[in-house]
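Please keep the sequence and the coordinates at hand while reading.

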Amino acid sequence: MKFLTLAVCLAVVFVETLAQNNQYLPPDKGYAYDKPNQPFPSSPQPQNIPRPQPTPGRPAPSYGPPADDHHHEPGMPFDFQYNVNDIETQNDYSHKAVSDGDVTRGEYRVQLPDGRTQVVRYTADWKNGYNAEVSYEGEAKYPEGPGQGGANAGGYKY
């Protein structure tokens with residue numbers, strides 16, 4: 001019985017020690033990122049945009065033109081790509097992208113069940129958002145006949 005009590009006490013102490021040391025904190029010596037080769041821009045001063053003046057007999061509007069006081073901080077540049085072509089599961093897709101910290105450009109490709117490849121080429125940035133061009137390569141092919149996925153196949157065959 002003493003052995004079991006001792007084992008339980010040691011297990012509790014061990015778990016508590018792990019819980020105290022298992023905290024999500026940044027490294028003590030910081031991250032190993034290279035310093036940017038250009039300084040961050042200073043914050044722009046907000047512009048004074050004149051508000052519409054009230055017309056006699058009408059209430060003043062409670063809104064004005066949107067303020068253009070967005071301060072953009074560039075992100076971390078990156079460049080990556082990957083490909084998956086698993087014949088057993090018929091998964092065939094890829095993605096590649098490159099960013100200078102301000103604008104991200106990329107392309108991804110997906111093999112569709114009808115045999116075509118869908119290609120999405122995109123550009124994304126903080127000012128214009130995500131813009132994509134979608135195109136298709138190849139020609140769609142559909143199986144013919146009953147039980148093979150044709151138009152009159154009657155659904156999935158298990």
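Which backbone nitrogen lies 3.0 Å from a polar atom of the side chain of D125? In this predicted model, the backbone nitrogen of K127 holds that position relative to D125, and the side chain of D125 also reaches the backbone nitrogen of N128, at 2.5 Å.

**Overall fold**

- The protein has one helix and five strands, and, read along the sequence, these elements follow the pattern α-β-β-β-β-β.
- Of the 158 residues in the protein, buried residues make up 12%.
- Among the contacts in the protein with a separation of 6 or more, 21% are accounted for by residues 24 or more positions apart.

**The acidic residue D125**

- D125 is found in strand β4, and although D125 is buried, this residue has no salt bridge, since the nearest side chain of opposite charge, R105, is 7.1 Å away, beyond the 4 Å limit applied to a salt bridge between nitrogen and carboxyl oxygen.
- When residues up to four places away in sequence are not counted, D125 touches D102 and V103.

- R109 forms a salt bridge with E107, with the closest N and O atoms 2.9 Å apart; R109 counts as partly exposed because its relative accessibility is 24%, whereas E107, at 14%, counts as buried.
- The side chains of R121 and E107 also meet in a salt bridge, at 3.0 Å from N to O, and this pair links distant parts of the chain, with R121 in strand β4 and E107 in strand β3, 14 residues apart.
- R121 has a relative accessible area of 37% and is therefore partly exposed.

- D114 is found in the loop between β3 and β4, and its relative accessible area of 10% is why D114 is classed as buried.
- R116 forms a salt bridge with D114, the closest N and O atoms being 2.8 Å apart, while R116 itself, at 24% relative accessibility, counts as partly exposed.
- R116 also lies over the face of Y136, at 4.6 Å from the ring centre.
- D114 and A140 are 26 residues apart in sequence, yet their C-alpha atoms are 5.0 Å apart in space.
- Not counting residues up to four places away in sequence, D114 touches E139, A140, K141 and Y142.

**Aromatic rings**

- The structure holds four aromatic pairs, one of which is formed by Y108 and Y122, a tilted pair with 6.1 Å centre to centre and 50° between the planes.
- This pair links distant parts of the chain, with Y108 in strand β3 (residues 103–111) and Y122 in strand β4 (residues 117–125), 14 residues apart.
- Y108 counts as partly exposed because its relative accessibility is 29%, whereas Y122, at 10%, counts as buried.
- Ring pairs also link F78, F80 and Y82 into a cluster.

**The buried serine S94**

- S94 lies in strand β2 (residues 91–99) and is buried, with a relative accessible area of 16%.
- Leaving aside neighbours within four places in sequence, S94 is in contact with Y82, N83, E107, Y108 and R109.

Conventions: Residues are numbered from 1 along each chain as its sequence is written. This is a predicted model: local features need pLDDT of at least 70, side-chain atom pairs count only at pLDDT 80 or more; totals for chains, interfaces and linings use all residues. Side-chain values use heavy atoms; hydrogens and water are left out. Rings of Phe, Tyr and Trp (its six-membered ring) pair if their centres lie within 6.5 Å; planes under 30 degrees apart count as stacked, over 60 as edge-to-face and the rest as tilted. Helices (H or I, at least four residues) and strands (E, at least two) are DSSP runs, numbered from the N terminus. Buried means under 20% relative accessible area, exposed over 50%, partly exposed in between (1.4 Å probe, protein chains only). A charge sits over a ring if NZ of Lys or CZ of Arg is within 6 Å of the ring centre and within 35 degrees of the ring normal. Lys and Arg count as positive and Asp and Glu as negative; His and the chain ends are not counted. A polar contact is a pair of N or O atoms within 3.5 Å; within protein, one must be able to donate a hydrogen and the other to accept it, and residues adjacent in sequence count only if both atoms are side-chain atoms. Contact means heavy atoms within 4.5 Å.
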